Every structure is written in structure tokens, then in C-alpha cells.
Amino acid sequence: MKKRLRVLVAKPGLDGHDLGARLIARTLIEIGAEVVYTGRQQSPEQVVEAAVQEDVQVIGMSYLSGAHMGLTGKIIELLKEKGLEKEILVVVGGLIPKPDLLQLEQMGVAKVFPSRSPVEDIVGYFNKLQA
Amino acid sequence: MMTMNSEDLQKLIKAEEEWKKSFKVGSKGPVMSDDLEIEIKPIYTPADVKDLDYMDNLGFPALYPFTRGPYAEMSRHGPWRYSVFSGFGTAEETNARWKILYDAGQRSLNLAPDLPTHLGLDSDDPLAYEEVGRVGMAVDTIKDLEILFEGLPLDELPFSSNMESLAPIICAMYIAVAEKKGIPAHKLAGTLSNDPLSTASGKQTVVFPLDKCVRLTSDLIEYCSKNMPKFYPVNIKGVNIREGGCNMVQEIGFIFSFACTYIDECLKRGLDIDEIAPKLSFFCCGGLHIFEEAAKYRAARRLWGRLLKEKYGVHKRESMIFRFTSICNPREFHAEMPEINLVRGACGIIGAALGGSQGMLHPAYDETFAIPTEKSCLLALASQQVIAEESNITKTVDPLGGSYYVEYLTDLAEEKFAAKMKEVADYGGPIKAIEDGYIQRQILENFIKEEKAINTGEKVVVGRNKYKVAQEETDMAVHVHNYDSTKKQIQRTLQVKAERDGSAVETSLERLNSAARSGENVMPYLIECAKNYASLGEMTGALQEVYGKYREPRII
């Protein structure tokens with residue numbers, strides 16, 4: 001039997017455009033994951049706290065306003081402070097320009113899905129995680 | 001014209017049946033329209049509009065029920081109002097962009113504030129740092145607006161902004177700047193979004209609990225109806241929810257429900273319906289389906305006219321007019337072969353023009369993925385200019401009037417919009433429907449349906465799911481964020497805060513706070529705060545102490 005993957009879908013920063021985040025949340029529920037959605041306008045501290053409280057294995061966050069570098073860096077830093085950077089995977093999606101993709105991965109992001117990534121790719125990735 | 005005697009009608013229906021049989025019409029299956037959730041028939045004939053009475057249902061432009069348009073000659077002798085969205089980074093950068101657009105023929109100023117400004121955070125707030133000047137311009141104190149308006153004739157150019165639940169604060173700052181320049185408020189023209197209900201349903205930059213937001217919205221409507229005859233204090237925004245995923249029926253059904261909520265609040269204060277109704281304007285959002293969109297606007301005008309006349313008993317003709325600006329839904333724009341978005345945009349403009357749009361704020365072809373460049377902004381403006389002034393589309397009023405198909409769609413759309421309004425009212429009204437997530441859930445469901453249709457190829461997107469061509473990866477110009485601008489902005493605000501008369505700020509904020517507590521209209525107090533260089537964050541804070549904070553339902 002598959003173990004249930006717990007995912008925190010997060011919307012860090014001030015942007016309120018969360019259709020993408022909610023679409024992914026819905027998709028992950030459909031493939032059997034347990035999903036907690038933070039709601040919008042979350043600070044990095046709130047995101048990490050929610051991840052700890054909800055005992056998730058993955059934080060998936062969505063950015064559309066361009067604030068992904070600074071906020072993701074802060075979230076990874078906070079995870080490191082708590083010694084959780086290996087236990088909790090960080091996945092990023094949204095409007096991520098090419099040059100930032102590599103940098104995010106170097107920063108410690110496990111996987112980046114820039115906007116318009118095929119849903120099958122995202123589903124495939126998460127299915128592997130819960131295999 | 002549409003009426004036929006029953007004998008002719010029977011003949012026609014029979015002839016249509018025979019025609020269908022002999023050409024096997026319809027044998028390839030139904031063709032559906034998601035916009036109105038109907039099947040589109042292969043052909044429409046007088047039989048489909050047999051109950052249409054010309055004078056009752058169409059009439060003449062500028063006359064009830066306004067199906068054919070709100071003004072007698074519409075855009076025959078001058079184009080609709082052109083605009084494109086602009087505002088990024090600092091006041092200096094936006095001011096420079098505005099001057100270019102002004103020289104290119106744009107006769108209005110549209111300000112897009114950044115996210116901290118929408119949420120009532122000053123640039124020096126730690127929560128704001130990553131987002132200062134990112135998706136729009138930072139407005140902290142009137143110092144920013146003074147720089148923004150430098151060298152532009154404030155009393156000649158209408159000012160608009162998509163500021164939502166904090167629109168009264170931006171408006172107060174705008175009035176303060178104008179009055180300091182010696183321009184009295186009654187000379188100012190423009191439009192502010194000021195529509196927290198659509199914001200709460202869509203992109204969610206709402207600051208106060210919804211009933212308090214509606215209070216504030218009405219404060220601005222009341223203030224403008226008494227002091228600013230040329231200003232439209234509320235722009236009810238279908239764009240917030242259509243961009244956010246809903247379809248046409250939900251768009252109009254929901255925004256008309258929101259509009260009624262604002263009207264009802266104003267009436268509760270004893271305002272005269274004929275004083276406030278002409279102050280309401282709308283901002284709709286259309287897709288690429290030319291005929292459905294044209295029908296939508298025709299139907300919305302008629303439904304609004306009937307609603308105001310029958311439900312609210314208005315007396316003045318101007319009170320019955322559905323005034324709207326339109327935008328082509330940026331959600332229809334795609335990143336693959338981005339230049340082709342110019343053609344998509346043209347379809348959007350044509351649909352809106354045929355529906356009688358009086359103003360268009362057209363997105364740049366790269367707007368969905370990046371902050372538009374100077375070039376893409378100019379192309380968006382020129383797209384409208386070509387269609388309005390080179391294509392002859394505006395030379396007669398409502399050219400689709402009398403089309404069997406479009407009249408049929410118009411009737412059906414009106415019916416569906418009214419049914420959606422009833423559904424919201426039966427639920428308990430928009431505030432309850434949003435607080436419970438009822439409206440957001442519907443929008444999300446529709447969005448998911450549309451995304452699935454793109455993924456399965458059911459909805460064609462050229463270059464993305466059909467007719468894909470191998471091409472070099474387009475290097476979309478992404479706006480590089482400039483942290484130096486952020487630092488400069490923070491520096492400026494700190495400096496303003498250090499140099500202003502601190503005790504005047506404190507006193508005016510206290511007066512604002514007690515006005516909010518007593519339930520007085522807060523507009524005069526906001527203007528006083530703004531003149532003293534109180535910041536947006538401080539004014540928001542003073543109101544939040546009384547109003548509290550908005551809590552969103554989390555819908556997945």
C-alpha cells in the first residue's frame with residue numbers, strides 16, 4: 001500500500017493570485033496526497049510553521065509576482081535553522097524566469113515547475129514521491 | 001421586423017427541418033458554448049427570435065432599455081477611450097512612462113499600485129520588502145503622487161487606478177495632491193476600482209472584513225456624489241473574477257449582485273438613488289468569442305436598465321445606463337508564440353466594440369508573463385486605434401442588432417444573468433456567499449474545467465495544444481527587479497516620515513480613528529491625513545483598529 005504523502009501548498013508573499021496553487025492542490029488530492037493549503041499572503045515564518053505543525057514531507061509554493069528568489073531563500077534558511085532541510089522537500093512553481101531556475105535549485109529547491117509545465121510532469125513527480 | 005405571422009412561421013420551421021435533413025445538418029454532433037453553457041445551433045432564423053418586440057427589447061440607442069447602446073451615436077464620431085495599464089517601480093519611472101503614453105495619444109492616467117500598497121503596507125514595512133514596486137508602483141505618502149503627477153495636467157486628464165479595498169485612501173491622497181496644487185476636487189475626473197467584493201472573490205487583496213469594506217466603498221461613493229461630479233467612485237470589476245477563472249454568466253451575475261450591495265448600503269444612508277446610480281461604472285472582461293461577448297454587453301445593458309427602473313425605481317435616464325470599460329481577458333494570452341496574442345487581443349477588441357464598449361484597457365501581449373515593455377504597451381494602444389479608426393467598425397451603432405443569432409444570444413444571456421443574481425440573493429447575498437466561499441468555489445470549478453479543456457485539446461490554443469511549431473525558445477523579456485529602486489523608495493518614505501509635522505500626523509490619524517468609530521464618513525479625515533503626509537500604512541492601521549481584519553475562506 002502506498003503511503004500517503006502530506007503536502008503543504010503555500011502562497012508566500014503578498015500576491016493573491018492563487019488559482020495555480022489551488023489547481024495544483026486539487027490535482028494532488030486527486031492522486032491521493034493529503035494536502036494542506038496555507039491560504040494567501042503568508043510570510044516565510046508562517047509557511048515554515050505550518051509545515052512543521054502539519055507534519056508535511058513537501059512544501060509546494062507558487063509565485064506569480066516575481067518575489068520567488070528572496071522568499072524561497074528565506075524559507076530554506078528557516079528550514080535549515082530547524083534542521084529540517086533534509087526532511088522537508090521544497091518545490092516551487094509559477095512564473096519563474098529561466099535564469100532563476102538554476103539558482104533556485106542551487107539554493108536547495110528540489111524541483112521547479114515553471115508556469116505551463118505539463119500537469120503530467122507534476123503528477124509524475126509527486127507520484128514518484130509517494131511510491 | 002422580427003414578428004412573423006404564424007403561418008409564415010410554421011412554413012419557416014418546416015423548411016428548416018427539410019434543410020437539416022437534406023444536408024444532414026447536425027449529424028456531426030453538437031457545438032457547445034461554455035460562455036453561456038448552451039449548444040450553439042447550426043443556424044438561427046426568425047423562428048428563434050419570434051417573440052422579440054423591437055421597441056420593447058431593442059429600441060434606440062440612448063433610450064431604454066439601452067440594448068443598442070447608452071449614447072445616441074456611440075463611437076461614430078470619436079473612438080472609445082483608449083488606455084493601457086502602466087505603473088511599475090518608482091514614481092519617477094511611472095511618470096516617465098505616462099509622459100510617453102500621453103504623447104502617443106493616451107488621455108487618461110492609469111495607476112497600478114504594487115502589492116504592499118494594495119494591502120496597506122508602507123514600503124518600509126518588513127513584510128513589503130520583496131514586493132516593493134514589483135507588480136506596480138509603490139504609494140506610501142502623497143510625496144509619491146506629487147512626483148508621479150509632475151508635469152502632467154491633473155485637471156485635464158482623468159485618473160484611474162485599480163486600487164480596491166483601499167481606494168478611498170488613494171482617492172484621498174489624489175485629492176490632497178490636487179488641492180495642494182490649487183485644483184479643487186470638483187474639477188477632478190476619473191475612476192477608481194473600489195470594489196472589494198469582486199476583489200475578495202478573485203485576487204484577494206482585501207484588507208478589512210467585507211461589511212466594513214462595503215461601508216468604505218459607500219463612503220467614497222457618497223463623498224464623490226456630493227463633491228466630485230466628474231469622478232466615478234466605484235468601478236465594479238468583472239475583470240477580477242473573469243481573469244480569476246469564471247465564465248460570462250458568473251461574471252455579470254456576480255458583479256450585478258455586488259453592485260446592488262453597494263447601492264443598498266448607500267440607500268440605507270438616505271442617499272438618493274438618482275444621485276448615486278449615475279456614479280456606478282463597471283469594468284468587464286471578455287474572451288475571444290466575438291458574438292457571445294457582443295451579446296453579453298447588449299444583454300447586460302438591458303438587464304441593468306430594467307433592474308434600475310423596476311427594482312430601484314430610478315427617474316433619470318442616466319441612472320439606468322450600464323457604463324463599462326472592457327478588457328480582453330489576459331488569461332486568453334499564452335506564452336507560446338507570444339506575438340500571436342496581438343491577434344487574440346484584436347478578437348477581444350472587436351467583440352467589445354460590437355458590444356458597445358465605451359472604453360478599453362487593453363493588455364499588452366506579454367502582460368500575462370511580464371511587466372509590459374514600452375513597445376508592447378504601445379502595440380496594445382495601437383491595436384485599439386487601428387480597429388476603432390481604420391476598420392469602420394464604429395460607423396453605425398450596434399451593427400449586430402437584428403442578427404437572429406446575436407438577438408437570440410442576447411435574450412438568453414439576459415435570462416442567465418438574472419438567474420445567477422437570484423441564486424446569489426437566495427444564498428443570502430454576496431457578503432455571505434463570499435465569506436462562505438460559495439462564489440470562490442464556483443469560480444475555481446470553472447477555472448479547473450477550462451484548464452482541463454486546454455490540457456485535453458478540447459479548447460484550441462494555437463501554438464500551445466495545436467499547430468505547435470518547433471521554435472527557438474522565446475526569450476520573454478522579464479522585468480528585472482531593481483532592489484536599488486526598493487531601497488530608494490524606502491529611503492524616500494523614511495525621509496518623509498522624518499521631516500513631516502509629526503504631531504499634525506498624529507492628530508489627524510486620531511481624528512480618522514474616531515470618525516471610523518462613530519460611523520461618520522471617513523473621506524474628509526483621510527484627506528486631512530494625506531495632506532499631512534500620513535502614510536497609507538498609517539491610515540490603514542488607524543482604520544483597522546476599528547474595523548478589524550479580513551479572514552479569507554481557504555477553498556481548494
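1. Start with the layout: the centres of domain 1 and domain 2 of chain B, taken over C-alpha atoms, are 34 Å apart. Domain 1 covers 16-49 and domain 2 covers 54-456, with bounds from an automatic or database domain assignment.

2. A word on what you're looking at: this is a predicted model, where local features need pLDDT of at least 70, side-chain atom pairs count only at pLDDT 80 or more, and totals for chains, interfaces and linings use all residues. Residues are numbered from 1 along each chain as its sequence is written, while chains are lettered from A and ligands numbered from 1 in the order in which they are written.

3. The two domains of chain B do touch: 11 residues of domain 1 are in contact with 14 residues of domain 2 (contact means C-beta atoms, placed from the backbone, within 7 Å).

4. Now the chain pair. Chain B puts 26 residues into the contact and chain A puts in 24. On the chain B side, the largest share, 5 residues, comes from H17(B). Helices here are DSSP runs (H or I, at least four residues), numbered from the N terminus.

5. H17(B) itself has 19 residues and spans 27 Å from first C-alpha to last, close to the 27 Å expected (1.5 Å times one less than its number of residues). Just after H17(B), B:Gly457 has a positive phi of about 85°.

6. Which residues of H17(B) are buried? They are B:Ile439, B:Gln440, B:Gln442, B:Ile443, B:Leu444, B:Asn446 and B:Phe447 (buried means 20 or more other C-beta atoms within 10 Å of the residue's own, all placed from the backbone). Their cover includes helix H1 (19-30) of chain A and, among others, helix H10 (248-268) of chain B.

Key
Helix = DSSP H or I, 4+ residues; strand = E, 2+ residues; numbered from the N terminus. Buried ≥ 20, exposed ≤ 12 C-beta atoms within 10 Å, placed from the backbone.
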